[in-house]
Amino acid sequence: ALDRLIQDRQYPMEMKENRTLKYDPFFSIRGLAVDKETGWITHLSYTHKVAVAWEGRTKLPTSRIFDEYRNKRALNPLERKKRLKPLNDLFSMAECCLIADVIQFFNDEDIPYCAQNVVQDVLQAVTSTHLSGDFHRLVAQNPEAYFLSTPHLKQVLRSLKESGKRLIFVSNSPFWYVDAGMKYIF
């Protein structure tokens, strides 16, 4: 997705060489949301108020959150739907990190940017990377870098089968991709 931003959207080539623009699995968690207007990564409280927000990798003070959300940190349901994109699947984790990293890069390098465009560009880059099959090819070529070891899975499945259970594997991924992953796991 970063390559697509650089090649297709003319983002700075220096981003590729920047060591901080690397996926960080500890930064993003499911349940966050990106504010499509500010580019902030937000965490909502159970009452749907913005409890915490990051601009890039910088945690914002509560005063900035209050200023942005009219001194109450809350958005009404229509505003929430319009402004916030939930980050709730695995692709969202990559989107979250890349949005934060790009904004942090621009802030660190003092490069002017439009947060709305950064969010839109990153979301499109991740989507097109997935839909093009580039993501699947990359993982299938190097499964050990992407799949966690599951040493007991084979025995669990064998036990289920031997006890008369019928098993089915369902995926929306292409067969050749699933096959590559299954061959690696088993």
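This is a predicted model: local features need pLDDT of at least 70, side-chain atom pairs count only at pLDDT 80 or more; totals for chains, interfaces and linings use all residues.
The protein chain has nine helices and five strands, and 33% of its 186 residues count as buried.

**Overall layout**

- Going along the sequence, the elements of the protein chain come in the pattern α-α-β-β-β-β-α-α-β-α-α-α-α-α.
- If you want a box for it, the C-alpha atoms fill roughly 60 × 40 × 25 Å along the principal axes.
- Taking contacts in the protein chain with a separation of 6 or more, 64% are between residues 24 or more positions apart.
- The chain exposes about 12,100 Å², and 55% of that is supplied by carbon and sulfur atoms.

- The five strands make an open sheet in the order 4-3-2-1-5, and the pairing is antiparallel.
- At the edges sit strand 4 (58-59) and strand 5, each of which pairs on one side only.
- Strand 3 (residues 50-55) and strand 4 run antiparallel and are joined by two bridges.
- On the strand 4 side, Lys59 is the bridge partner of Trp54.
- Helix 5 lies across strand 1, strand 2 (41-44), strand 3, strand 4 and strand 5, and it runs at about 125 degrees to strand 5.

**Helix 6 and Asp121**

- Does the length of helix 6 agree with what its residue count predicts, or disagree? Its 17 residues should span 24 Å at 1.5 Å a residue, and the end C-alpha atoms are 24 Å apart, so the two agree.
- The buried residues of this helix are Ala115, Val118, Val119, Asp121, Val122, Leu123, Ala125, Val126 and Thr129.
- Those buried residues pack against helix 1 (2-9), strand 1 (32-35), strand 5 (84-87), helix 5 (90-108) and helix 7 (134-141).
- Asp121, found in helix 6 (residues 115-131), counts as buried because its relative accessibility is 12%, and the cut-off is under 20%.
- Setting aside neighbours within four places in sequence, Asp121 is in contact with Leu5, Arg9 and Tyr11.
- Just after helix 6 comes Gly133, with a positive phi of about 90 degrees.

**Arg80**

- Arg80 lies in helix 4 (residues 77-83).
- Is Arg80 buried or exposed? With a relative accessible area of 19%, Arg80 is buried, since the limit is under 20%.
- Apart from neighbours within four places in sequence, Arg80 is in contact with Leu44, His48 and Leu75.
- Arg19 is 61 residues from Arg80 along the chain, and their C-alpha atoms are separated by 34 Å.

**Cysteines**

- How many disulfides are there? The count comes to zero.
- Cys114 is in no disulfide either, as the nearest cysteine sulfur, that of Cys96, is 19 Å away.
- On accessibility, Cys97 is buried with a relative accessible area of 1%, whereas Cys114 is partly exposed at 34%.

Key
Residues are numbered from 1 along each chain as its sequence is written. Side-chain values use heavy atoms; hydrogens and water are left out. Helices (H or I, at least four residues) and strands (E, at least two) are DSSP runs, numbered from the N terminus. Buried means under 20% relative accessible area, exposed over 50%, partly exposed in between (1.4 Å probe, protein chains only). Contact means heavy atoms within 4.5 Å. The expected span of a helix is 1.5 Å times one less than its number of residues. A disulfide is a pair of cysteine sulfur atoms within 2.5 Å. Two strands pair if DSSP finds at least two bridges between them. Axes are lines fitted to C-alpha atoms, for helices over the stretch in contact, and angles run from 0 to 180 degrees between N-to-C directions. Accessible areas come from the Shrake-Rupley method with a 1.4 Å probe; for residues, only the protein chains shown count as cover.
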